[in-house]
Amino acid sequence: MRRYRILILNGHRSYLTVDFNHTCTENNIILIYILSYFRTGPAFAIPDGLANRRTDDELKLGGYTPMEAHAWKKGGCLLAPPGTLAGRWESRLAYVQAPWHEPPKIMIDKREKAISVHNDIIRKNEHIAIYTDGSGYQGYIGTSMVIPAFGKQRTECIGTEGTSTVYAAEACGIKFALETTLQIADQNIQTKKLVIFSDSQAALRTLMNPRMVSGQTYIHDCIDSLRKCIDEDIDVTLRWIPGHEDIPGNEAADRAAKRAALIGARRQIVPGDMDNWTILAAAAKRRIRQSTKDAWEKQWDKQKAGKPTKKLVPQPSKRTLQYWTFLRKATSSILIQLRTERIGLAHYLWRINRREQPYCACGLSGQSVRHILMECPLYENERGLMWSRIKGFRRTTDLQALLREKKAAIAIAQFIIDTRMLDQFREVDPEAVGTYESAETAAQLEPANDKDTDVGTCTNAHADDIFMRDTGYVDLKRTGAVRRT
Ligand SMILES: [Zn+2]
């Protein structure tokens, strides 16, 4: 702490006085604000004008900002769900705890140890045990704190899935527990120590090292209460216990949190309560992601072109894009042409009036993607080689299954190069073939969470992105690449 004080004083070419020292110790909060002064980035997650529409007079003067227009004119996804809240967007501080502060007493043990320590504490009966939980239920977020020994509990519905998160509810439960701890101390029940049991490692870890997380307001209140506990010499420890282990106190907190959420779902919330609701940036991000996904699916349905692609991909998702990850230029180029059937083969060229007839040189049928990949006797050898290169996927006559299979992608592209049937790929730089990374690097970089509906890395090509050259072969403009930030 001394170091920080001196740093600040040096900045002002001043020296450490007893007064300043005293002020720093007594009012840590001042230093936190001094540190916040050096913040970078916006103070508010979302501008005020998105939570509350500015008056007509104000709008007449300056008009909508682009984000306001998105919310108010187009009914964009950032607009709060109608009738669900009257609260505010969260704002976040650069620091909620001075870096020199001692971290609170928080214990996160391994599963078995956490349970046995919990059982010991209950058996010895020297502590007052408080349990907290947060829960998402029927679209609403509930939070709870229960003290089985006193038959006491506090619950609240803190928002909907559109405005809040379960993580925030877990933090809010701990906040309730700490506030109750202070009340208990006021009532002079000081004979015992207190333990707060939470089943959220995420919330506890954030308390140990608070950052600019979404839901920081709850963490901020926790830290405040913890500091008061220290000031008043209250012995309080926070401990992690695993959820769903039939620990009665934890189960009671779980039920209480669900009940709180249900109060929201049944619309039994007092309107005044909703004023306290904070709209979290994390929930807003989720809404943006969802609305992007919805727009994508809608566009996919509406799109009339690209029938071959639609056969391969009935509904777009993050997994759709994974097919293209780590493929080098020539390989992905060939695969896009095959999968969209916009390719310099006779059948397609004939269809767009660039050839007199659609037939393959073998004379057996039109030169289509199916014909060359599955049937044409002219490429028997290359096809045999292709199948031998595909590992972990059985030989099939189902063209769509083959083109959908990521394990087959590189072998298929190599087949096209081997056959030299497309002028464009007669001379291919070996550097442009195959994948970018070795398989293990690729596995590491692969998105860990499949359920996430994020628009991930990679390329998404539509038939529209492809244009024909007069020479008769197809070139490709790779567009629509969205990089995750
Ligand atoms: Zn043929």
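I looked up A171 first. Leaving aside neighbours within four places in sequence, A171 is in contact with A203, G215, Y218, I219 and C222 (contact: C-beta atoms, placed from the backbone, within 7 Å). The model is predicted; local features need pLDDT of at least 70, side-chain atom pairs count only at pLDDT 80 or more, and totals for chains, interfaces and linings use all residues. I number residues from 1 along each chain as its sequence is written.

Next, the cores. I take a nonpolar core as buried Ala, Val, Leu, Ile, Met, Phe, Trp, Tyr and Cys residues joined through C-beta atoms within 7 Å. Buried means 20 or more other C-beta atoms within 10 Å of the residue's own. The largest core has 54 residues, and I130, A168, A171, I174, I196 and C222 touch the most other members. Helix α8 (residues 166-186) gives the largest share, 10 residues. Another core lies apart, with 32 residues, including I343, I372, C376 and L422.

Then the sheet. Helices (H or I, at least four residues) and strands (E, at least two) are DSSP runs, numbered from the N terminus. I found 6 strands in an open, mixed sheet, ordered β2-β7-β6-β3-β4-β5 (pairing: at least two DSSP bridges between strands). β2 (106-107) and β5 (152-160) are the edges. β2 and β7 (residues 236-240) run parallel, joined by 2 bridges. M107 has R239 as its bridge partner in β7.

Last, helices against the sheet. Helix α7 (residues 111-124) lies across β3 (127-137), β6 (193-198) and β7, at about 135 degrees to β3. Axes are lines fitted to C-alpha atoms, for helices over the stretch in contact; angles run from 0 to 180 degrees between N-to-C directions. α8 touches β3, β4 (140-147), β5, β6 and β7, and makes about 155 degrees with β3.

Note on methods:
Buried ≥ 20, exposed ≤ 12 C-beta atoms within 10 Å, placed from the backbone. Contact = placed C-beta atoms within 7 Å.
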